Amino acid sequence: MSRVTVIGSLTTGPSAETLARVPEATHLLAIEADRLGDLEPATIRQFFAGRLLYRLRSQIEGGAGDNDPRARERRLLWAAERYDLVALEAARDLRPRVLAAIPRERRVIMWCGTVTEEVPLQARAEQALAESAALHVVTPQVTTPVQALEVISFLRRFGRRHVAAWAEGEAGEWTRVVAPHLGARVVWGVAVADPETREPVATREPMLQRLILDYGLPELPTVERLHGLVGNGAESSLLPRIHNAAYRALGVPALYVPFPIAGFGGFWRHLVNGSALEHAAMPLAALTVYAPFKEAGLAVAGSAHRLAQRGDAANILVRDRMGTWRAGATTPGAVVAALDQLHIDVEGLSTVVIGCGGSGRTLAAELQSRGAVVTLANRTVDRGQRAARRQRLPFMALDELDIETFRLVVTAIPRTDAPVIEAGRLTDDTTVVDLVHGGSTPTEWVRMARSRELQVIDGETVLLLEACAQIRAMTGYDLTVEQLREQLDGMAA
């Protein structure tokens, strides 16, 4: 199995405590001098055994460092005497004195910026590739996954051990982990979060620890196809971590990546039906679909499961051997499985599903088919009434809901700071199901329901059950929730 070089950007003060939190898998630590100043590396070397890279990101390229060529030259020459490697900006640092002071094997030549149709990425990168270096890094800034495709095309032509490229920004994060499979074995992220916010500090890179956990770095398994997640929250979902851990354990040659998108049509046209990923030998073969694209996901499918059809929404798309995309809905099965584990028979059970999006509609349809007496509720009355008419179910506005009359209460709405209803109004024999997952703590709604000692199925439980169903549909392998939890607990340890 191949391995990547893991590079971590240090953007916060290099105390012993900070350096102790640098992920163990980090091979190279990039000292962001525009944020930290010109640090003597001797102190850092006491706590970090890998190589050190000096990086002075200019204001023009998104940093806080000098733009003035002479000021930059002085600082770079200073770093050349002390650091293992020195990053040079292709547009302003390739001056004779700098190149003479830093031999090829200690240079990292970088280009960061935007590309246009008039000046494509290849043309932008020519200046960086003109001088020899240990590593060339080309990172265009993008706002959509479609724009990031140019990086894939660039790597197909130039990708090799000393040329790395990926797209900066949340929409291009997927290229950061796909790129090593197309050339240079390098992955770069923020080494340590800000101690107060736990977020990256003034940088475009994602957290290195999350990349390591989500993608199993520094190991680089064989990848023959991509699976992905599209929709709101894709960039922060746990699904990449869950799927990729399962694929590694099962030996599945696939990589699961997030695609935060603003529109489904362009994504489908360029990434799914376009040729760039096919030509890179990494075709898209399966997708999980988040709101607000579940109806669009159903519309592009060649065939659909009855629940997806009934709820007019799909949250999973899988391409079969004939190339046909098949749509499904995994939320209903996950919730029913969780209810079965609690020995809750839904037949005749008075049930309300709060939220009339794709997940709420498909779940309501499944519960009704199993004999539950289902009512739909929604904050937006017009939308809720339309959904109820399509589902042929009764509807109640949320502020008029007699919640104490229901024995099964399902919330299928986005995460909110406050519960949508008061848990105190629920009867003691009520079961609560919350579809919201993500975040480091349970939702306020779940916390309040548990404080009442009600039976609760939280979003994490539903997510893991859904992941089992998705992995089965995408790979043919059966895994249990317990096996997924063991894999996740092993990574956390």
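User: How many bridges pair S11 with strand S13 (residues 284–289)?

Analyst: This is a predicted model, where local features need pLDDT of at least 70, side-chain atom pairs count only at pLDDT 80 or more, and totals for chains, interfaces and linings use all residues. Residues are numbered from 1 along each chain as its sequence is written, and side-chain values use heavy atoms, with hydrogens and water left out. Strands (E, at least two residues) and helices (H or I, at least four) are DSSP runs numbered from the N terminus, and two strands pair if DSSP finds at least two bridges between them. S11 and S13 run in the parallel sense, and the number of bridges is five.

User: Which residue of S12 stands opposite leucine 229?

Analyst: S12 (residues 254–259) is parallel to S11 and joined to it by six bridges. In S13, leucine 229 faces threonine 288. In S12, the residue opposite leucine 229 is proline 258.

User: Is aspartate 458 buried or exposed?

Analyst: Aspartate 458 lies in the loop between strand S22 (455–457) and helix H19 (459–475). Buried means under 20% relative accessible area, exposed over 50%, and partly exposed in between (1.4 Å probe, protein chains only). The relative accessible area of aspartate 458 is 15%, so this residue is buried.

User: Which side chain makes a polar contact with the side chain of aspartate 458 at 2.8 Å?

Analyst: A polar contact is a pair of N or O atoms within 3.5 Å; within protein, one must be able to donate a hydrogen and the other to accept it, and residues adjacent in sequence count only if both atoms are side-chain atoms. At 2.9 Å, the partner of aspartate 458 is the side chain of threonine 461. At 2.8 Å, the partner is the side chain of arginine 450.
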